[in-house]
Amino acid sequence: MNRDGATLSLWQDGMQDYEGSVFNPEGKKFDVLVIGGGITGITTALLLQKAGKKCIVAEAKNLCFGTSGGTTAHLNTFLDNDYNQIKNDHGKNSAFLLHMATRHSLDLFKQHVEEYGIDCGYEEKDGYLYAQDEEQVSKLNDIYQSARDAGAEVEFATEIPVPIPFSKALVFHRQGQIHPSRYVYALAKEFEALGGIILQHCRTGHTHGDGPFRVESTRGEIQADKIIFATHIPPGVNLLHFRCAPYRSYAMAFRLSGGDYPDGLAYDMYDPYHYFRTQDVDGKKYLVAGGEDHKTGHEENTDKCFTKLEAYIRKYYEVEEVSFKWSSQFFEPADGLAYIGHLPGNPEGVYVATGFGGNGITYSHIAALTLRDIIVKGSSPYTDLFIPGRVKPVAGFESFVKENLDVVKEFISKRADSKKIKELSELANGEGRLVKYEGENMALFKDEGGRLHAVSPVCPHAKCVVGWNSAEKSWDCPCHGSRFSVNGELLTGPARSDLQKVELDGE
C-alpha cells in the first residue's frame with residue numbers, strides 16, 4: 001500500500017493497494033461527491049450511502065495514502081486539547097458536547113467491527129494520562145475535574161501500563177485501538193456493496209456551478225449536488241488554511257525482547273508528548289510509540305526525531321528490533337476544536353472536515369456522523385460546536401485569494417545547467433537541499449544512483465519556499481503543509497498542483 005512518504009508504516013505492511021471501482025463518471029450525477037479516500041472520507045460516504053444517498057469517492061492516490069496510513073490509531077474520548085481547555089475557551093456545554101461526540105465516535109467503531117465482522121485488531125482498552133512533576137500534577141487535577149464534568153468515565157489510577165516513573169495518573173475507561181487500513185478497506189467494500197463508487201488515482205480540480213456542482217477531475221467531470229472535502233485540509237486557498245497549523249508526528253513499532261508489552265494506552269504530559277500502545281498483527285505483538293512533533297517544514301533534521309524517539313523507548317524497554325518507523329501529518333486548529341460543516345467562502349452544499357489535531361482517527365467518525373446528519377436531516381447535535389463559520393475573515397484575505405488562485409508564475413528557468421549549480425559536489429546520494437542557481441533558489445535532490453532531480457522550491461499554494469524532509473524524502477511547505485515528492489509531485493494539499501520541474505542539461 002503506497003503512502004505519502006518514503007518510510008513504511010506498520011499499517012502498510014502486507015497491504016496491497018485497494019482495488020476500487022472501474023467507472024466513468026462522465027454524464028452521471030450523484031447526490032454527494034466525497035473528495036478524499038482516508039478514514040474520514042470512506043466512513044462518511046458509507047454512512048450517507050446507508051442513508052439512501054448516491055455517493056462517489058474521489059481519491060487522488062490510493063485509499064489510506066495520507067494520514068490514515070500513518071496514524072497510530074488511538075481511539076480516545078479525551079483529546080489533545082483537553083476538556084479543561086475547551087471549557088475555558090468555549091464554555092462548559094461545549095466540553096460536554098465534545099465528550100458526547102467522542103463517545104459517539106468510539107461506539108460507531110465498535111458497531112462497524114461487530115456489524116461487518118471486521119478483522120482489524122480492534123480492542124477496547126483503558127487509556128492512562130500520567131504526570132511526572134508538580135506542575136503536571138496540577139494540570140492533571142484540572143483535567144480530571146473538567147473531564148468528569150463533561151461526562152467522561154475517568155478516575156485516578158495507582159498504576160500505569162508503561163514502566164515509566166510518574167507522580168499521579170488518570171485512567172479513562174472504554175478507549176480503543178485498531179488496525180486502521182484493514183478497517184478502512186472493510187468499510188470501503190461495504191460502501192461498494194451498497195452501490196457506492198470509489199475512484200482512486202482521481203485528482204479533482206476546480207468546481208463549477210453552485211449546486212448541482214461540476215467538478216473537474218483526471219477521470220472526467222463529476223456532477224454532484226453536494227461536495228465534501230475529506231482531504232485532511234481543503235485544497236486551494238481558503239480561510240481555514242490560516243486557522244490550521246500543519247505538524248509532523250513520528251511513530252515507531254518495536255518488537256521487545258522481554259515481552260513486556262503495555263496492556264492499555266498511555267500518554268505523558270510533556271509538549272510534545274509521548275504516547276504508547278500495543279498492536280497485535282497476525283500473531284505478532286508490537287509496541288507502537290510516537291511523539292517528537294514539530295511544525296511541518298520547521299525541523300532541519302527530521303531523521304533526528306526518530307533517533308530521539310528510539311533513544312527514549314530504549315530507556316524503559318529492552319528492544320529486540322525496530323520493525324517500522326514512519327511519520328505523518330496533522331493540522332492543529334487555532335481554537336482547539338475541529339472544523340466540520342459548511343466550507344467558508346463556498347456555496348451552500350460544499351462541506352469540509354479538517355483541523356483534527358493529533359486525534360484524527362477519533363475525529364474521523366465525529367465528522368462522518370456530523371456531516372451525515374447535516375446532509376440527511378438538515379442539522380446535527382454538533383453543528384454549532386464544530387461550525388467552520390466561527391472563523392472570522394481576516395483583513396486582506398480576499399485580495400490574497402485573488403493573487404493566489406492561479407499556479408505561481410515561474411520564477412526560475414525551466415532549464416538549468418547542472419555544471420553551474422553551486423554546492424552540487426557537496427550533495428550526497430539520497431540528500432535534498434535548496435541550492436542557488438543564477439541568483440535564485442532551486443530544490444535539488446540526488447538519488448541513490450547519483451542522478452539529480454530539480455524543481456522550483458516555490459509552493460504553488462501561497463508562494464512559500466519548501467524545505468527538505470530527510471526522513472520522508474519529500475519537499476515540505478512550512479506555511480500550510482503542502483508536501484511534494486523529490487520530482488515535485490503533489491503528495492499532500494492544500495496545493496492543487498505539482499512543483500514546477502526544472503530540466504537539467506548535462507544530466
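This is a predicted model: local features need pLDDT of at least 70, side-chain atom pairs count only at pLDDT 80 or more; totals for chains, interfaces and linings use all residues.
Residues are numbered from 1 along each chain as its sequence is written, and side-chain values use heavy atoms, with hydrogens and water left out.

The buried residues (under 20% relative accessible area) of helix 6, which spans residues 303-316, are Cys305, Phe306, Leu309, Tyr312 and Ile313. They lie on the same side of helix 6 because they cover an arc of only 130 degrees around the axis, taken from the directions from the helix axis to the C-beta atoms. An α-helix has 3.6 residues a turn, so residues three or four places apart point the same way. The cover over the buried residues of helix 6 includes strand 11 (244-256), strand 13 (275-281), strand 14 (284-295) and strand 15 (319-333). Helices (H or I, at least four residues) and strands (E, at least two) are DSSP runs, numbered from the N terminus.

Axes are lines fitted to C-alpha atoms, for helices over the stretch in contact, and angles run from 0 to 180 degrees between N-to-C directions.

| Helix pair | Axis distance | Angle |
|---|---|---|
| Helix 1 (39-50) and helix 5 (180-193) | within 9 Å | roughly 30 degrees |
| Helix 1 and helix 7 (360-377) | 8 Å | about 35 degrees |
| Helix 3 (92-116) and helix 7 | within 8 Å | roughly 95 degrees |

The angle makes helix 3 roughly perpendicular to helix 7, a term for angles of 65 to 115 degrees. In their contact (heavy atoms within 4.5 Å), the residues of helix 3 include Leu98, Phe109 and His112, and those of helix 7 include Ile361 and Leu369. This contact has nine nonpolar, seven polar and no charged residues. Ala, Val, Leu, Ile, Met, Phe, Trp, Tyr, Cys and Pro count as nonpolar, Asp, Glu, Lys and Arg as charged, and the others, Gly among them, as polar.

Helix 1 and helix 5 are roughly parallel to each other, the term for angles under 35 degrees. Ile39, Ile42 and Leu46 of helix 1 are among the residues in their contact, as are Tyr183, Leu187 and Phe191 of helix 5. By class, that contact has nine nonpolar, two polar and one charged residues.

Ile39 also takes part in the contact of helix 1 with helix 7, where the residues of helix 7 include Ile361, Arg372 and Val376.

Note on methods:
Buried means under 20% relative accessible area, exposed over 50%, partly exposed in between (1.4 Å probe, protein chains only). Angles under 35 degrees count as roughly parallel, over 145 as roughly antiparallel, 65 to 115 as roughly perpendicular and the rest as oblique.
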